[in-house]
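Here is a friendly walk through the model, one region at a time. Keep the structure open beside you as you read.

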Amino acid sequence: MTLHPLKLVTIICEAVLEEIVVNLLRECGAHGHTAFAVRGSGNQGERTADIMEAGNVQIEVIVKPAVAEAALERLQREVFPSYAMIAYESEVRVLRPEKF
Amino acid sequence: MDFLTAVQSNLLSPAILFFVLGVFAAVSKSDLKFPEALYATLTIYLLTAIGFKGGVAINEAGIGVVWLPALAAAALGGLIPLWTYPVLRKLGKFSVADAGGIAAHYGSVSAVTFIAATNFLKSINQPYESYASAFLAVMESPAIVVGVMLGKGALGGKFSFADAGVRHALRDAVLGKGVLLLIGVMIIGALCGKRGMASVEGFFVTPFQGVLALFLLEMGMVAGRRLGDLKKVGGFLLLFGITAPILHGSLGVLLGTWVGLSVGGSMLLGVLAGSASYIAAPAAVRLSLPEANPTYSLTAALAITFPFNITVGVPLFYELAKRLQP
């Protein structure tokens, strides 16, 4: 079995941003994404997620290193200044690199 | 019935008592929590039920009777931000974005406040125009559009429809789930008429009170969790959260009486004008005015204005409507 190194980009942000972030990822070259509703707290206060609009969403996508870098760079420039969010990348290894 | 009896009978209705229980659960940090999906489900149920009922009423009354008060309602919604914005800027010292955001919330409406008001009218056997849910449908969007334009600096000539956040917000304001569901189901109700109502009555009418009580329990918790934020928003917003609904509500009652609505109908228009949105407006404002602090608008709408309206506002606007009726 051969595993291929790729990057997992994770974004945790306000639920209202989901469409904007997903569009941005697509524009940078991502082929898909996974999103799920989450709750938690951060330096902009607790997000109780009691009503969907006030909750957080976690968006994950596996991409090539260059795409990860471009996406994180655009997120930092276009979305970070105005919203409560974090984003990070990590190393992952996948079976079918052509999918990503 | 005098004003105090009206207040008392309102406070002792199941819906309001469930709301109080919800606030208590949140404040006492109880582990009571609704699954998120239930909140969304109950919202859809309530909007569908009042939309259908409103549609059937439009079918009965005829669109010729409905259009004038509906137009007045939409105009009032769009105009409210025009004076709340300068008040928030000058007296409240809020930034352009914050003032625009709060103005959008207060011009837009709260469906649950409206439903609580119809509930009150039913409990005291006061008839009202059942097509009033059409007012709810047309009052949600105009204020969001006007508030966002003001918050973007429209007065300084800085507004542009090309802004991605603005476009996204405007689409949500006009085609968001609340408006789409209400107007869509209303059209269905209007097409089906009384016979259609007979077939869905068992689901949309009979269990309505129970569903509303359950929903208000959850609303109590949502509002209660934000009580802690009252300290952060300052005295001005506290005062604004109570005077704005009284002022706008009275204006709504006046307008309702003027366009020929009954006591019940004028009171409902007042309740709508006095209410503040906490679903459609927050999402739209967050996207289009990211620099506005959502704590201000959401705390004011949810923790001050909503509880005020469903407890004191509703009987107050009823009393006013009764006195103004020729």
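Leaving aside its neighbours within four places in sequence, which residues is His105(B) in contact with? They are Ala276(B), Ser277(B), Ala281(B), Ser297(B) and Ala301(B), where contact means that the C-beta atoms of two residues, placed from the backbone, lie within 7 Å. His105(B) belongs to helix H5 of chain B; helices here are DSSP runs of H or I with at least four residues, strands are runs of E with at least two, and both are numbered from the N terminus.

His105(B) counts as buried because it has 33 C-beta neighbours inside 10 Å. The cut-offs are these: a residue is buried if 20 or more other C-beta atoms, placed from the backbone, lie within 10 Å of its own, exposed if 12 or fewer, and partly exposed in between. Between His105(B) and Pro127(B) there are 29 Å in space, C-alpha to C-alpha, although the two are 22 residues apart in sequence.

## Before going on

This is a predicted model, in which local features need pLDDT of at least 70 and side-chain atom pairs count only at pLDDT 80 or more, while totals for chains, interfaces and linings use all residues. Residues are numbered from 1 along each chain as its sequence is written, and chains are lettered from A and ligands numbered from 1 in the order in which they are written.

Now find H11(B), which has 29 residues. Its end C-alpha atoms are only 37 Å apart, short of the 42 Å that a straight helix would reach; that expected span is 1.5 Å times one less than the number of residues. H11(B) also has a kink of about 75°, centred on Phe236(B), the bend at a residue being the angle between axes fitted to the seven residues ending there and the seven starting there.

Several residues of H11(B) are buried, among them Val233(B), Leu237(B), Phe240(B), His248(B) and Val253(B). The buried residues of this helix pack against H4, H5, H12 and helix H14 (294-324) of chain B. Just after H11(B) comes Gly260(B), with a positive phi of about 95°.

## How H11 meets H12

Helix H11 (residues 230-258) and helix H12 (residues 263-274) of chain B pack at an angle of about 145°, and their axes are 7 Å apart. Axes are lines fitted to C-alpha atoms, for helices over the stretch in contact, and angles run from 0 to 180 degrees between N-to-C directions. The crossing of H12(B) by H11(B) is right-handed: a crossing is left-handed if the near helix is turned anticlockwise from the far one by less than a right angle, and right-handed if clockwise.

On the H11(B) side, the contact includes Pro245(B), Ile246(B) and Leu251(B), and on the H12(B) side it includes Met267(B), Leu269(B) and Val271(B). What is the make-up of this contact in nonpolar, polar and charged residues? It has ten nonpolar, ten polar and no charged residues. Ala, Val, Leu, Ile, Met, Phe, Trp, Tyr, Cys and Pro count as nonpolar, Asp, Glu, Lys and Arg as charged, and the others, Gly among them, as polar.

Lys29(B) sits in the loop between helix H2 (14-27) and helix H3 (36-61) of chain B, and its phi is near 55°, a positive value in a residue other than glycine. Lys29(B) is exposed, since 9 other C-beta atoms lie within 10 Å. Lys93(B) is in the loop between helix H4 (63-90) and helix H5 (96-107) of chain B. The phi of Lys93(B) is near 60°, again positive in a residue other than glycine, and with 11 C-beta neighbours inside 10 Å this lysine counts as exposed.

Leu181(B) is part of helix H9 (residues 177-204) of chain B and is partly exposed, with 17 other C-beta atoms within 10 Å. Leu181(B) and Ile44(B) are 137 residues apart in sequence, yet 7.8 Å apart in space, C-alpha to C-alpha.

## A look at chain A

Chain A has two helices and six strands, in the order β-α-β-β-β-β-α-β from the N terminus on. Of its 100 residues, 25% count as buried.

Ala35(A) lies in strand S2 (residues 34-38) of chain A. Not counting residues up to four places away in sequence, Ala35(A) touches Glu18(A), Val57(A), Gln58(A) and Ile59(A).
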